[in-house]
Amino acid sequence: MKNLLADILKINSHSFGDQVVNGINGRLLHKCLGVGRMYAHWIKARIQQGRFIENLDFIVVLDTDLSLPNLASSNNKQSTKARKQKGNEYILSLDMAKHLCLMERNEQGRAIRQHFINVEKQLARIAPNVYRNTLADTKARLEAIDHNHELNQAIKQWQQRNGIAYTPNHYRNEAEMLDSLVLKQNVRHWKRQNNIKGSARDYFTAEQLAQLKQLQETDKALLLLNMPYKERKAKLTILANEL
């Protein structure tokens, strides 16, 4: 398993026709994670769920020749030949690959995540100052993702307890409220001022991500108490001002 991870997950130069791209091949990561869903459906859903940004977290190489095994030959026997098919390849940044591993919440994902930790430990011996900064930032981002999943689950349960129909707005409004508290200003205004596309959290510092984690944990506890949105926001604002 370790050798497989090392081969698949190291950053390589991938050639697609006349394009050469550095990164991790999403199709190989999908295979290594043992995901049951079709790759194309899985990667698109994860990009949406994780709010990953094209040309920042990943790039798409369109109409790539894929070599796929034939299911059967004309005489209904399994064929060992490969058939050519066009498809899109996703080349992922190292950070996005880490996040995808965490989102899977399975044994493979934990193993791959440990692989990245081991790589970072090697970096610690070579460049300790770089390692400390990188590790702190990586841990904060992974924890923020994990707490965001738990918070979304708490919102869903709150909706069910109160007979509120599901709507993505609840999740988006909650996230924007927390981001605004971390930034000490409206997150939409901040993004416009800084010409930010996609998720503001991709640009948070390790300190801001630590603050976000505390706010997420408190928000989840308040949701379990069935506290309405306005009351939660008031209490979280007080906490944010103390952080």
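**Entry 1: N226**

I looked up N226 and located it in the loop between α9 (206-224) and α10 (229-242); helices here are DSSP runs (H or I, at least four residues), numbered from the N terminus. The model is predicted, so local features need pLDDT of at least 70, side-chain atom pairs count only at pLDDT 80 or more, and totals for chains, interfaces and linings use all residues. Residues are numbered from 1 along each chain as its sequence is written, and side-chain values use heavy atoms, with hydrogens and water left out.

I noted that N226 is not a glycine, yet its phi is positive, about 65°. Most residues other than glycine have a negative phi. N226 counts as partly exposed because its relative accessibility is 33% (buried means under 20% relative accessible area, exposed over 50%, partly exposed in between; 1.4 Å probe, protein chains only).

**Entry 2: K184**

I next examined K184, in the loop between α7 (168-183) and α8 (187-193). Its phi is also positive, near 65°, and K184 is not a glycine. With 49% relative accessibility, K184 is partly exposed.

**Entry 3: N173**

I placed N173 in helix α7. N173 has a relative accessible area of 36% and is therefore partly exposed. From C-alpha to C-alpha, N173 and Y229 lie 9.8 Å apart in space, while 56 residues separate them in sequence.

**Entry 4: helix α3**

I checked α3 (residues 39-50): its twelve residues reach 16 Å from first C-alpha to last, close to the 16 Å expected, where the expected span is 1.5 Å times one less than the number of residues. Its buried residues are Y39, W42, I43, A45, R46 and I47. Just after α3, R51 has a positive phi of about 55°.

Notes:
Helices (H or I, at least four residues) and strands (E, at least two) are DSSP runs, numbered from the N terminus.
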